[in-house]
Amino acid sequence: MADVTAESSPEQPSLKRVIGPGLLLLFVVGDILGSGVYSLTGKVAQEVGGAVWVPFVVAFLVALLTGFSYLELVTKYPQAAGAALYTHKAFGIHFFTFMVAFAVMSSGITSASTAARAFAANFGEAFDFDLGTGIGLTLVALAFMLLVAAINLRGVSEGVKLNVLLTCVELTGLLIVIGIGLWALGFGNGDFGRITEFDTGDRSAVGGVIVATTLAFYAMVGFEDSVNMAEECKQPSRIFPKVLLAGLLITVLVYVFVAITAVALVPVDQLAEGDTPLLRVVEIGAPAFPTHIFAIISMFAVANTALINMMMASRLLYGLARQRVIPAPIGAVNHARRTPHMAILFTTALALGLIFFVGQVAELGGTTALLLLAVFTVVNVAVLVLRRDPVEHDHFRTPTVLPVIGALTCGFLVTPYTDRNPEQYAIAGVLLAIGVGLWLINYLVLRISGARSEQSRT
């Protein structure tokens, strides 16, 4: 594997630093907000009961611990590449670095697949189509993923512009839900006593919160993508700490208000039905509000998650191919559109397979969290290992205890002791096995071609 830490060569210009604190904050908030709260709030409530806001707070605290580790690393090494860069610097094992990068890419694909299923469910509600939970819903989700691929193939400029619009739409949808909750509270509607009730079935309250957190964590991911913007930020070592922490805080406050509103207005058993929990909140909390419009807002909100993640996954796969870590043809670029079309087609094929063969939103979202929790465990360890690698410039330094707790917490949430559905391990295993297969194919090709070159010289 080529050294992912290498600086730009003299022939290559550096990236332009154009992102200030305001734009970076919008990016962080827009990247975290997404299909998690739109599609999984009901599934989280099903595991924990009315106190659905608790797992979101716990997920925030876990994300915050890792966020501090990212802050030290991104201000210490203000370069793009994120977790793969830190893993390579800390451990120097090429295959391990590749697996971390491929796990990040796979998490993007499972996240986008989750969003596609949620998009299909909201599509049926918006246009009064009885898609059920079977083939009809699956076909709409597949068609949507093909549309995302078409936008991705069209070009990054179109994707980024659409992302800005969709971020505004998804935030508007969440503010509508919060507004409905405040209106209901003002008129004495809803049962806000439910927000302190735990209903965890055969599990203890702590056990229920842990299981629910493994799902709720999906709603907190995305902030780690911001480190890939480090080379394009003005004074990253100075602005990143305040902006990233502010973005996480803003997001969790929105999520907590949404979760409280949802469970106060809709009984938990109804909230857990289907993949459109916030639409139920609007229907019950504000019957006069045009629910078709909110369903369309929800469609655009989860579409944003799919678009961001498929762009990230395809570019990461393209980068791995360009580094000669996986077969080089996957890194091919379309001459007309200048987009990595083979990487886009490959990641789209994986997403289509997940939508068709897995389908369940909760399991796809849970797999996303599983993959990223494993990556976060590595990042928290890496920040401690890299303390032996001083740099000349000033940078943020997190208290040592935080990455230690972060590594232990994230590592625990990866294990089966959380009562995580075993299907999530199977999905993650298949995706990572595909990565290992690509790595082995590339290794054999390079070895054979190297042997032939040696023979030709003799």
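Q: What kind of model is this?
A: The model is predicted.

Q: What handedness does the crossing of H5 and H6 have?
A: The crossing of H5 and H6 is right-handed.

Q: Which residues of H5 and H6 meet?
A: From H5 come Ala112, Ser113, Ala116, Arg117, Phe119, Ala120, Ala121 and Phe123. Their partners in H6 are Leu137, Thr138, Val140, Ala141, Phe144 and Met145.

Q: How do the residues of the contact of H5 with H6 divide by class?
A: Eleven are nonpolar, two polar and one charged. Ala, Val, Leu, Met and Phe are among the types that count as nonpolar, and Arg counts as charged.

Q: What makes H14 roughly antiparallel to H15?
A: Helix H14 (residues 361–385) and helix H15 (residues 401–414) have axes that come within 8 Å and cross at roughly 155 degrees. Angles over 145 degrees count as roughly antiparallel. H14 is therefore roughly antiparallel to H15. H14 passes H15 in a left-handed crossing.

Q: Which residues make the contact of H14 and H15?
A: H14 contributes Leu370, Leu373, Ala374, Phe376, Thr377, Asn380, Val381, Val383 and Leu384. H15 contributes Pro403, Val404, Gly406, Ala407, Cys410, Gly411, Leu413 and Val414. The residues of this contact of H14 with H15 divide into 13 nonpolar, four polar and no charged. Gly counts as polar here.

Q: Why is H5 described as roughly antiparallel to H12?
A: H5 and H12 pack at an angle of about 160 degrees, and their axes are 8 Å apart. The cut-off for roughly antiparallel is an angle over 145 degrees. That angle therefore makes H5 roughly antiparallel to H12. H5 passes H12 in a left-handed crossing. In the contact of H5 with H12, the residues divide into 24 nonpolar, seven polar and one charged.

Q: How many cavities of 30 Å³ or more does the structure hold?
A: The structure holds two cavities of that volume. About 190 Å³ of space lies in the largest cavity, and the second largest cavity has a volume of about 30 Å³.

Q: Which residues are closest to the centre of the largest cavity?
A: Of the 23 residues that line the largest cavity, the closest to its centre are Asp31, Ser111, Val221, Thr305 and Asn309. By class, its lining has nine nonpolar, eleven polar and three charged residues.

Q: What lines the second largest cavity?
A: The lining consists of Tyr38, Asn122, Asp275, Thr276, Pro277, Leu278, Leu279, Phe294 and Ser298. Helix H11 (277–285) and H12 each supply at least two residues of the lining of the second largest cavity, and H11 gives the most, with three residues. By class, the lining of the second largest cavity has five nonpolar, three polar and one charged residues.

Notes: Residues numbered from 1 in each chain as written. Predicted model: local features only at pLDDT ≥ 70, side-chain atom pairs only at ≥ 80, totals over all residues. Heavy atoms only, no water. Left-handed = near helix turned anticlockwise from the far one by under 90°. Helix = DSSP H or I, 4+ residues; strand = E, 2+ residues; numbered from the N terminus. Contact = heavy atoms within 4.5 Å. Axes fitted to C-alpha atoms, helices over the stretch in contact; angles between N-to-C directions. Parallel < 35°, antiparallel > 145°, perpendicular 65-115°, else oblique. 1 Å grid on protein atoms, 1.4 Å probe; cavity = no way out; pocket = protein on both sides within 12 Å on 5 of 7 lines; lining within 4 Å. Points joined across faces, edges and corners; volume = space filled by probe spheres on them.
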